Amino acid sequence: MTVSSTVLTTAGPAGEGLRRGALLGLAAAGAWAAVAATAGLLPDVGDWPETTNFAVGAAVIAAAIALATLAQGLAPELARWLVRKSPWLIVIGLFLALWQLASAKLGWLPQPFFPPPQALVEVYAYDYADLGVNLLASFRLLAVGFVYGGIAGFLTGIALGWSSHAAYWIHPILRFVGPLPSTALLPIIFFAFPSSWSASIFMIALAVAFPMAVLTWSGVASVNTAYYDVARTLGVKPLALIIKVAIPAALPHVFVGLFMALGAAFSSVMVAELLGVKAGLGFYVQWSQGWGSYNNVYAAIIVLALLCSSSITVLFKIRGRMLSWQKGLVKW
Amino acid sequence: MVAASYKEDLAAEPASTAGAALDIEHVSHAFDLDGSVLSVLDQVSLNVKPGEFVALLGPSGCGKSTLLRLIAGLEPPSRGVLKEDGRAITGPHPSRVVVFQDPTLFPWRTVWNNVALGPEAQGNLKEQRSRVDDAINLVGLSQFAKAYPHQLSGGMAQRVALARALVNDPSILILDEPLGKLDSLTRLTMQSELVSLWRSKGFTAILVTHDVEEAVFLANRVVIFSDRPARIKADFQVDLPYPRHRGDPRLAELRRASLSHLGLDASW
Ligand SMILES: Nc1ncnc2c1ncn2[C@@H]1O[C@H](COP(=O)(O)OP(=O)(O)O)[C@@H](O)[C@H]1O
Ligand SMILES: [Mg+2]
């Protein structure tokens, strides 16, 4: 980050910046050439059918980086992007080369627990359909549970913050049940619900609802009462006060609640998949492990990480849009 | 800068809204503080004529803001009645709008949407869009209609608060130290703007201020309260024609008289 930004900003005389950018780009190409060489030129200690394709792929990437670097006059946008990403490309290339050596070539890492990168490529090349189906299953579980739990928690939080009658009844229940991990209720939930799907959704929604309720509540409770005074003198009726004042004012807290709830949802989805619905990436991971096929385990974990990370990204995008009136928002 | 547009306004249209009469009859108010009773207003009676500009002065914490909250209908008085044009005040109504010391703009609404809240709450924003534009224009902020409150200076924010009140055509405008937090230059400008607005619109104005000079410069009647619980200690007219001049020796005299009622004449 710092390296590339200094490269960009200190490019006083344009020529010098370009030259340093070219050096970085070529270093990145070199790193990926090393990935190709380690994979393609040394013999494997085991049986990995995708080694050659992996080496060819790395070589293609190395060539592409080199080409883009040399042709920076033609595509300055691409060149700038490349300069910014070069440090990362170098580090990833070196990591892949080292991983290749330690696993497939020198056998330092015990097999099959630490397969080489081409073994993961193999999974993505041949098992993508199965991975896709399970990704979809995880996503459905996550989305449906999160939406139900989010709505329930949001409404509970508003009722708690707005009405002392509601708070009288809900608060003790929330204090008693809320902190309990929803997974602890699993045995009960599974025989109380008609299907493992509905039981899993309930469990995920429960895990989501608690942080949502608490943070929405604290958001509504911390609204500056002067806002209500102003709105009331302008003729805003009590029910509209909730929609026009309480909710927008509480929104920053609500998004903290959504963020925490999403974390809770991820772990509940995993538990639900392992114990209940027998589908999804968590289930795929466990099932693959049972067969000792660790390359599938890693491949699925990577997809899972992408799912979780993009969920958070989407949440932050929505937050950035809805809270654009706030100063100094944290970017994800 | 903005004052110019007010003057045009003044020439263009006569007082459009008539102010309302305000009658405060034997109003007492007390707060319950952890079981002990804090008496804040004691038998306050005050009759304000339609269109009058009344300034309320009094020691800090004596109950001025509390009285304004009662006038706005945000709270019912412990005892006594308040009447707008003879009808008892039972709750807030957009004919009595408050501008507080803090502009309290809704940070999630743009300037335009802040000003539009009143018409929006009445359900007639569609027909009144141009009124919202006019109100923003009137305070000289049409360029900032799309800005968010955090992008405004203190004086601009308070102007928006004023526009948000005026768009409702209040018959009583309640002002609780509206210029108290502004720097002195902005304050002087906005004092003149307030007078112009009041003269062109014709509403009844109730202004709480801690600035004696501001009180006698703006108002045609000054009411002075005692320490808590607030009682009316003095009530006098400022019959000087508008526009007034700050250097007027009669203003200096009234100011000295007010200070002496507040027990602050030692410094004079
Ligand atoms: N909601 C409240 N509950 C309890 N005490 C209050 C409340 N509002 C105001 N007070 C008290 O009433 C007194 C008068 O307050 P206020 O009307 O704000 O004075 P000021 O004349 O400075 O505007 C103060 O002592 C204040 O602490
Ligand atoms: Mg006050």
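**Close-up views of a predicted two-chain model**

**View 1. Asp23(B) stands opposite Asn47(B) in strand 2 of chain B.** The model shown is predicted. Strand 1 of chain B covers residues 22-33, and strand 2 of chain B covers residues 36-48. These two strands pair in the antiparallel sense, over nine bridges. In a regular strand, side chains alternate between the two faces of the sheet.

**View 2. Two residues lie between strand 1 and strand 2 in this hairpin of chain B.** Look for Asp34(B) here. Asp34(B) takes a positive phi near 50°.

**View 3. Strand 1 of chain B also runs antiparallel to strand 4 of chain B.** Strand 4 spans residues 79-84. Five bridges join the two strands. One pair to find is Ser28(B) and its bridge partner in strand 4, Arg79(B).

**View 4. Chain A meets chain B through 18 residues of chain A and 26 residues of chain B.** About 2,000 Å² is buried between the chains. Carbon and sulfur atoms give 69% of that area. Thr233(A), Leu234(A) and Trp325(A) supply 37% of what chain A buries against chain B, more than any other three residues.

**View 5. Asp229(A) forms a salt bridge with Arg69(B).** Their closest N and O atoms are 2.7 Å apart. Five residue pairs are in polar contact between the chains.

**View 6. Helix 10 of chain A gives the most to the side of chain A that touches chain B.** Helix 10 (225-233) supplies seven residues. Helix 11 (238-277) of chain A supplies at least two. The residues on this side of chain A divide into 10 nonpolar, four polar and four charged.

Notes
Residues numbered from 1 in each chain as written. Chains lettered and ligands numbered in written order. Predicted model: local features only at pLDDT ≥ 70, side-chain atom pairs only at ≥ 80, totals over all residues. Heavy atoms only, no water. Contact = heavy atoms within 4.5 Å. Buried area = accessible area lost by both parts, 1.4 Å probe. Salt bridge = Lys/Arg side-chain N within 4 Å of Asp/Glu carboxyl O. Polar contact = N/O pair within 3.5 Å; in protein donor to acceptor, adjacent residues only side chain to side chain. Helix = DSSP H or I, 4+ residues; strand = E, 2+ residues; numbered from the N terminus. Nonpolar A, V, L, I, M, F, W, Y, C, P; charged D, E, K, R; others polar. Pairing = 2+ DSSP bridges.
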